[in-house]
Amino acid sequence: MWGRTLQFLPNAKDREGLLPWVIGVMLFLCTLAVASAFAINSGVARWSSGLTSNITVQIIVADEAARTQQTEAALRLLEATPGIVSAEILASSEVMALVSPWLGDLPLDAGLPVPNLIDITLEPEANINIQALGERLRATAAGAVIDDHQAWLSQILDLATMIQVIMTAVVFMVILSTIAIVIFGCRAGLATHADSIEIMHLMGAEDRVICHAFDLKYLKHGLKGGILGVVLAGITLWLTSSIATDLGEGLVSSVLPSNNGNVWLLLLPLAAAGLTTITARLTVHRALQDMM
Amino acid sequence: MITFENVGMRYGMGAEILQDVSFSLEKGSFHFLVGPSGAGKTTLLKLLYLAHRPSRGLVNFFGKDLATVDRTELPRLRRRIGIVFQDFRLFDHLTTFENVALPLRIKGATKNQVADHVEELLSWVGLEDRMHAKPATLSGGEKQRVAIARAVINKPDLLVADEPTGNVDPEMSERLMHLFVELNKIGTTTVVATHDNTLVEAIGAPILSLDKGQLKLPNNDKAGH
């Protein structure tokens with residue numbers, strides 16, 4: 001009663017008692033969606049940086065002598081190219097290991113015309129024109145083909161982008177639903193306290209006095225719901241990332257949220273409180289305009 | 001101070017509750033508003049305490065034509081009016097002190113100013129020992145005195161009371177009316193709606209008599225003390 005805000009609304013639990021829980025559930029969903037979008041973003045960044053710093057050159061020539069000659073010529077060219085840190089010919093055993101999932105364990109002298117592979121590591125900031133390099137390679141070694149993983153990478157990026165768009169849509173829908181719930185709750189509150197509001201008006205209270213009372217109420221609802229939702233989401237993310245850590249540094253773990261860098265979660269209760277307070281303020285203000 | 005000229009009032013598309021009501025209230029006057037149930041007393045009181053604007057006619061409050069008063073100016077006008085409701089309309093979750101303090105707090109008074117005024121006023125209405133009681137624990141007479149204290153804490157220019165003695169015994173009615181007369185003596189224009197003819201006769205103030213939405217002025221042609 002004696003705070004800075006003239007709180008004339010009773011604190012007793014009423015129909016708005018469920019509101020913090022509903023806001024909590026909404027924020028839980030919102031947090032998971034945002035965390036997933038962030039995790040996919042960082043996972044894709046890690047994949048693409050790993051893949052763009054490595055390219056492979058295949059020397060596809062059936063005749064073994066010609067293949068060896070072209071491989072050595074290509075290696076010399078690559079080693080002389082600025083921006084390339086290293087270029088190494090993969091041993092036949094490593095090449096056979098790569099094709100073994102499809103062809104089975106074959107002896108090295110099986111007589112299969114398996115291409116020679118040169119694994120190239122680029123400088124991190126190297127801006128190499130892959131197409132031009134390919135043309136120069138083919139001029140030196142006719143059977144050379146560059147694989148910069150772009151086809152695979154672009155499919156992965158498309159998928160990641162689509163998932164991020166879906167997650168963003170989920171976040172927007174959750175925000176809109178939260179706003180709608182607060183509006184309904186606020187209108188119910190206005191109806192419940194209509195008599196008190198009328199008396200306050202008749203005693204000369206300005207709209208802002210009445211709005212402040214509702215602001216304070218909905219600020220508390222938003223904070224309570226926000227903290228609840230973030231705590232639940234934090235526990236879920238922690239459990240998920242713990243499992244991801246157990247999986248090691250594989251493909252799956254790279255898209256799961258990490259325990260680090262989730263400080264932004266702490267801001268979400270404040271965001272929820274801000275959203276509910278502003279929504280309540282606008283709803284109450286608009287309703288009061290219809291009164292005398 | 002307050003003038004009604006040919007005022008008509010209807011709710012929505014319904015029939016007119018008040019028809020061609022004209023009167024004026026001079027500063028420091030005391031009037032009773034009487035009439036049978038359904039005559040339009042409550043509607044007239046609502047117009048007097050600015051709960052509604054009239055459907056037609058001219059209403060002038062403290063020198064301002066109500067038709068031209070913006071909604072944002074109403075709070076300042078309303079702070080010059082004290083209202084005593086028949087059903088008290090106290091805030092049940094607030095104490096006697098907090099209920100009476102509300103108009104001062106709305107006006108922006110400091111905590112010390114509020115404490116001084118409220119304690120003094122509660123003492124005047126004989127409720128100094130019930131300061132921290134909540135309405136649920138008060139008798140009808142005590143609630144009405146709290147309502148009166150709340151209505152006059154801002155020293156209003158106009159005091160409007162709707163059946164203030166309707167829920168109390170005859171002895172308490174007399175005490176409450178005494179409070180209104182005291183307030184009127186210090187310059188507060190007072191309008192009391194009542195069914196109690198004994199009180200009306202005892203006080204002997206001018207009467208605004210409503211019947212079927214039309215005002216009769218039996219005591220004198222133009223209401224004024």
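Trainee: Is B:Asn184 buried or exposed?

Mentor: This is a predicted model, in which local features need pLDDT of at least 70, side-chain atom pairs count only at pLDDT 80 or more, and totals for chains, interfaces and linings use all residues; side-chain values use heavy atoms, without hydrogens and water. Residues are numbered from 1 along each chain as its sequence is written, and chains are lettered from A and ligands numbered from 1 in the order in which they are written. Buried means under 20% relative accessible area, exposed over 50% and partly exposed in between (1.4 Å probe, protein chains only). The relative accessible area of B:Asn184 is 12%, so the residue is buried.

Trainee: Which backbone oxygen does the side chain of B:Asn184 reach?

Mentor: B:Asn184 belongs to helix 6 (residues 170-185) of chain B; helices (H or I, at least four residues) and strands (E, at least two) are DSSP runs numbered from the N terminus. Residues up to four places away in sequence aside, B:Asn184 touches B:Gly28, B:Ser29, B:Phe30 and B:Thr190, where contact means heavy atoms within 4.5 Å. At 3.0 Å, its side chain reaches the backbone oxygen of B:Gly28.

Trainee: Which residues touch the most other members of the largest nonpolar core?

Mentor: A nonpolar core is a set of buried Ala, Val, Leu, Ile, Met, Phe, Trp, Tyr and Cys residues joined through side-chain atoms within 4.5 Å. The largest one has 41 residues, and the elements that give it two or more residues are strand 3 (30-34), helix 3 (96-107), helix 4 (111-124), helix 5 (140-152), strand 7 (158-162), helix 6 and helix 7 (197-203) of chain B. The members that touch the most others are B:Phe32, B:Val84, B:Val100, B:Val118, B:Leu122 and B:Phe180.

Trainee: How much area do chain A and chain B bury between them?

Mentor: The size of an interface is often given as the accessible area lost when the parts come together. Buried area is accordingly the accessible area (1.4 Å probe) that two parts lose on being put together, summed over both. The contact takes 23 residues from chain A and 26 residues from chain B. Carbon and sulfur atoms carry 65% of the buried area, which comes to about 2400 Å².

Trainee: How many salt bridges are counted between chain A and chain B?

Mentor: Side chains of opposite charge can pair when their charged atoms come close. A salt bridge is a side-chain nitrogen of Lys or Arg within 4 Å of a carboxyl oxygen of Asp or Glu. One example joins A:Glu198 and B:Arg89 (2.6 Å, N to O), and A:Asp195, A:Glu198 and B:Arg89 are linked in a network of salt bridges. Between chain A and chain B the count is four.

Trainee: Which helix of chain A gives the largest share of the side that touches chain B?

Mentor: Helix 6 (194-202) and helix 9 (268-289) of chain A each supply at least two residues of that side. The largest share is seven residues, and the helix that supplies them is helix 6 of chain A.

Trainee: Is B:Arg79 buried or exposed?

Mentor: The side chains of A:Glu206 and B:Arg79 meet in a salt bridge (3.6 Å, N to O). The pair crosses between chains, from the loop between helix 6 and helix 7 (207-247) of chain A to the loop between helix 2 (74-78) and strand 6 (81-84) of chain B. A:Glu206 counts as partly exposed because its relative accessibility is 24%. For B:Arg79 the relative accessibility is 16%, so B:Arg79 counts as buried.

Trainee: How many residues apart in sequence are B:Asp20 and B:Arg56?

Mentor: The side chains of B:Asp20 and B:Arg56 meet in a salt bridge (2.8 Å, N to O). B:Asp20, at 43% relative accessibility, counts as partly exposed, and B:Arg56, at 31%, is likewise partly exposed. Since B:Asp20 lies in strand 2 (residues 16-25) and B:Arg56 in strand 4 (residues 56-61) of chain B, the pair ties together parts whose separation in sequence is 36 residues.

Trainee: What share of the residues of chain A counts as buried?

Mentor: The secondary structure of chain A comes to nine helices and four strands, in the order α-β-α-β-α-β-α-β-α-α-α-α-α from the N terminus on. Chain A has 292 residues, and the share that counts as buried is 40%.

Technical notes: A polar contact is a pair of N or O atoms within 3.5 Å; within protein, one must be able to donate a hydrogen and the other to accept it, and residues adjacent in sequence count only if both atoms are side-chain atoms.
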